[in-house]
Amino acid sequence: MELELAGADLKAVLNRLRRAQGQIAGVIRMIEEGRDCEDVVTQLAAASRALDRAGFAIIATGLQQCVADVESGRQNGEDTEAMRARLEKLFLSLA
């Protein structure tokens, strides 16, 4: 299964990843500066949520593409059950 992100989908995922990247850099700075543990954990949790949301957006796009592939009969030799199992594994990897 090849993932194709385009236009608004790509921009949204990249924005979430850049936000997470900035938050992680902030966490590193905070630790280096000896900031309060609660502030560090709060910032780290925000970075984690941003990464999760990017992952879910990618999976949602993948699901949409897979459904379109199944409906149009283009399964690239992979049966529907195998495709479903792969997507379920991807989804659970973020849980």
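This is a short tour of a predicted model, from the whole chain down to two residues.

**Whole protein**

Start with everything shown as cartoon. The protein has 3 helices and 0 strands. Follow the sequence and the pattern reads α-α-α.

Now color by burial. Of the 95 residues in the protein, 22% are buried. Switch to a surface view next. The protein exposes about 6,700 Å². Carbon and sulfur atoms supply 56% of that area.

**Helix H1 and Gly-22**

Select residues 7-32. This is helix H1, and Gly-22 has its place here. Is Gly-22 buried, exposed or partly exposed? Its relative accessible area is 39%, so Gly-22 is partly exposed; the cut-offs are under 20% for buried and over 50% for exposed.

**Helix H3 and Met-83**

Move to residues 80-93, which form helix H3. Pick out Met-83 within this helix. Why does Met-83 count as buried? Its relative accessibility is 7%, and buried means under 20%.

Along the chain, Met-83 and Leu-63 are 20 residues apart. Between their C-alpha atoms the separation is 9.6 Å.

**Last view**

Terms used:
Residues are numbered from 1 along each chain as its sequence is written. This is a predicted model: local features need pLDDT of at least 70, side-chain atom pairs count only at pLDDT 80 or more; totals for chains, interfaces and linings use all residues. Side-chain values use heavy atoms; hydrogens and water are left out. Helices (H or I, at least four residues) and strands (E, at least two) are DSSP runs, numbered from the N terminus. Buried means under 20% relative accessible area, exposed over 50%, partly exposed in between (1.4 Å probe, protein chains only). Accessible areas come from the Shrake-Rupley method with a 1.4 Å probe; for residues, only the protein chains shown count as cover.
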